[in-house]
Amino acid sequence: MAVNNKDAKATFMEALDGLKEYAKVNGNIVTKDDVKSYFNGLELDDNRYSMIMGYLMANNITINGVDGADNEFLHMLESTKNDAVNNDDNGIAQEDTSYTGTDDGIIKKINVTEEEVNNLPEKEAVMAAQMIADNMDYSEDDIYLERYQKELEQIQPVSDTTRAYLLINIVEDNDKESLKLLSESYLGKIVGWVEPFRCRGVLAADLVQESNLSMMAYIGQRQWLNNYEWKDKIKEGTTEDLIQVLNEIDKEVKYQAEESMRMLIDEQMDSNKISGKVLNKVNYVNDWAVRLKEELGRKPSVKEVAERMGVSEDIVREAVSLSAEAIEDISDAKTNKDNDK
């Protein structure tokens with residue numbers, strides 16, 4: 001029995017999301033068997049698996065034993081990263097004049113090249129990326145942060161004066177317990193630092209984790225001791241000097257945490273832009289298929305859509321493949337693709 005296109009698309013996206021989550025906890029490394037196991041039951045051909053692997057590699061996920069040099073889909077995604085919006089001399093985006101019409105008002109052809117179809121405008125990709133970020137489910141964020149703060153209640157709070165004297169123990173005695181207490185004193189501060197970065201495409205749990213890792217790298221690995229002026233003041237300075245050094249360390253830890261969160265958000269937005277470009281390409285072909293169906297009174301063929309768009313048939317078939325067969329208004333997309341094997 002044929003699988004409903006919408007059900008197939010939902011299953012495909014669930015499998016892809018699941019694989020990306022698995023890769024995330026596995027150091028962004030998967031195997032070919034991992035890929036096939038997640039999509040088991042979808043009856044995907046080698047071409048589709050190649051597309052999936054290209055998408056994963058474009059999102060900085062390594063697939064053991066797979067070289068991306070010959071993956072055309074990977075090259076297509078990478079090529080979109082250098083797109084630019086056409087602006088006038090004042091920096092304002094120019095109006096799109098790529099459409100031509102006929103006397104009867106029907107749009108006849110889009111005056112674009114295949115390269116331009118592959119490289120859809122950066123502006124649209126950014127908008128799609130922002131839409132993905134805005135529509136993420138952040139409903140668990142408050143629950144996570146509440147639970148996280150509840151766990152922090154088990155840690156005994158310490159005053160800034162006490163924290164300052166911990167610096168002496170660390171510098172003079174290499175005291176591991178003092179280093180542990182100093183590190184723990186930042187965990188509660190991180191909750192506040194995370195707040196301005198919430199709901200920007202990354203879940204609160206990931207923001208907290210990234211900030212904690214940044215803090216542990218700076219405090220736990222004693223990078224702050226590379227500042228010899230601070231080190232001298234800790235050894236020989238007054239209590240006021242200690243507090244001043246502590247305040248400077250606090251500022252640096254916060255800066256490091258904020259930079260790590262910015263990088264995490266930027267990486268996610270880059271990933272969303274790639275997804276947005278794929279989505280835009282699919283929508284671009286689908287819109288033309290719908291228009292032609294209305295104009296012809298039947299589903300158009302791949303060839304007819306390609307001719308009207310002014311691109312090759314491969315571009316149209318690729319969009320159908322990217323959509324997991326969700327473009328339903330092209331009569332022979334799947335048939336033609338299968339016959340090409």
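## Surface, core and local features of a predicted model

The protein chain exposes about 19500 Å², and carbon and sulfur atoms supply 46% of it. Accessible areas come from the Shrake-Rupley method with a 1.4 Å probe; for residues, only the protein chains shown count as cover. This is a predicted model: local features need pLDDT of at least 70, side-chain atom pairs count only at pLDDT 80 or more, and totals for chains, interfaces and linings use all residues. Residues are numbered from 1 along each chain as its sequence is written, and side-chain values use heavy atoms, with hydrogens and water left out.

**Overall make-up**

The secondary structure of the protein chain comes to 16 helices and four strands. Helices (H or I, at least four residues) and strands (E, at least two) are DSSP runs, numbered from the N terminus. The chain has 341 residues, of which 40% count as buried. Buried means under 20% relative accessible area, exposed means over 50%, and partly exposed lies in between (1.4 Å probe, protein chains only). Take the contacts in the protein chain with a separation of 6 or more: residues 24 or more positions apart account for 67% of them. Contact means heavy atoms within 4.5 Å.

**The largest nonpolar core**

A nonpolar core is a set of buried Ala, Val, Leu, Ile, Met, Phe, Trp, Tyr and Cys residues joined through side-chain atoms within 4.5 Å. The largest one holds 43 residues; Leu182, Tyr186, Ile219, Trp224 and Ile249 touch the most other members. Elements that give two or more residues to this core include helix H6 (122–134), helix H7 (141–152), helix H8 (160–173) and helix H9 (176–184). Helix H10 (187–194), H11, helix H12 (228–236) and helix H13 (239–296) are also among them. H13 supplies the largest share, ten residues. In soluble globular proteins, nonpolar side chains tend to be buried together.

Which residues does tryptophan 224 contact, leaving aside its neighbours within four places in sequence? They are Leu167, Ile170, Val171, Leu182, Tyr218, Ile219, Trp230, Ile234 and Ile249.

Serine 178 is found in helix H9. Serine 178 is buried, with a relative accessible area of 4%. Its side chain makes a polar contact with the side chain of asparagine 169, at 3.2 Å. A polar contact is a pair of N or O atoms within 3.5 Å; within protein, one must be able to donate a hydrogen and the other to accept it, and residues adjacent in sequence count only if both atoms are side-chain atoms. Leaving aside its neighbours within four places in sequence, serine 178 is in contact with Leu166, Asn169 and Ile170.

Leucine 181 is also found in helix H9. Leucine 181 is partly exposed, with a relative accessible area of 31%. The C-alpha atoms of leucine 181 and valine 158 are separated by 8.5 Å, with the two residues 23 apart along the chain.

**Aspartate 206**

Aspartate 206 has its place in helix H11 (residues 204–220). Is this residue buried or exposed? Aspartate 206 is buried, with a relative accessible area of 17%. Leaving aside its neighbours within four places in sequence, aspartate 206 is in contact with Lys24 and Leu264.

**Aromatic pairs**

A search of the whole structure finds two aromatic pairs. Rings of Phe, Tyr and Trp (its six-membered ring) pair if their centres lie within 6.5 Å; planes under 30 degrees apart count as stacked, over 60 as edge-to-face and the rest as tilted.

| Pair | Centre to centre | Between planes | Class |
|---|---|---|---|
| Tyrosine 22 and tyrosine 38 | 6.0 Å | 40° | tilted |
| Tyrosine 144 and tyrosine 148 | 6.0 Å | 20° | stacked |

Tyrosine 22 lies in helix H1 (residues 5–25) and tyrosine 38 in helix H2 (residues 32–38), so the pair ties together parts that are 16 residues apart in sequence. Tyrosine 22 is partly exposed at 29% relative accessibility. Tyrosine 38 is partly exposed at 33%. Tyrosine 144 and tyrosine 148 are four residues apart in helix H7, so about one helical turn separates them. Tyrosine 144 and tyrosine 148 are both buried.

**Positive phi in two loops**

Asparagine 174 is not a glycine, yet has a positive phi of about 50°. Asparagine 174 is found in the loop between H8 and H9. Cysteine 199 is not a glycine either, and has a positive phi of about 60°. Cysteine 199 is found in the loop between H10 and H11.
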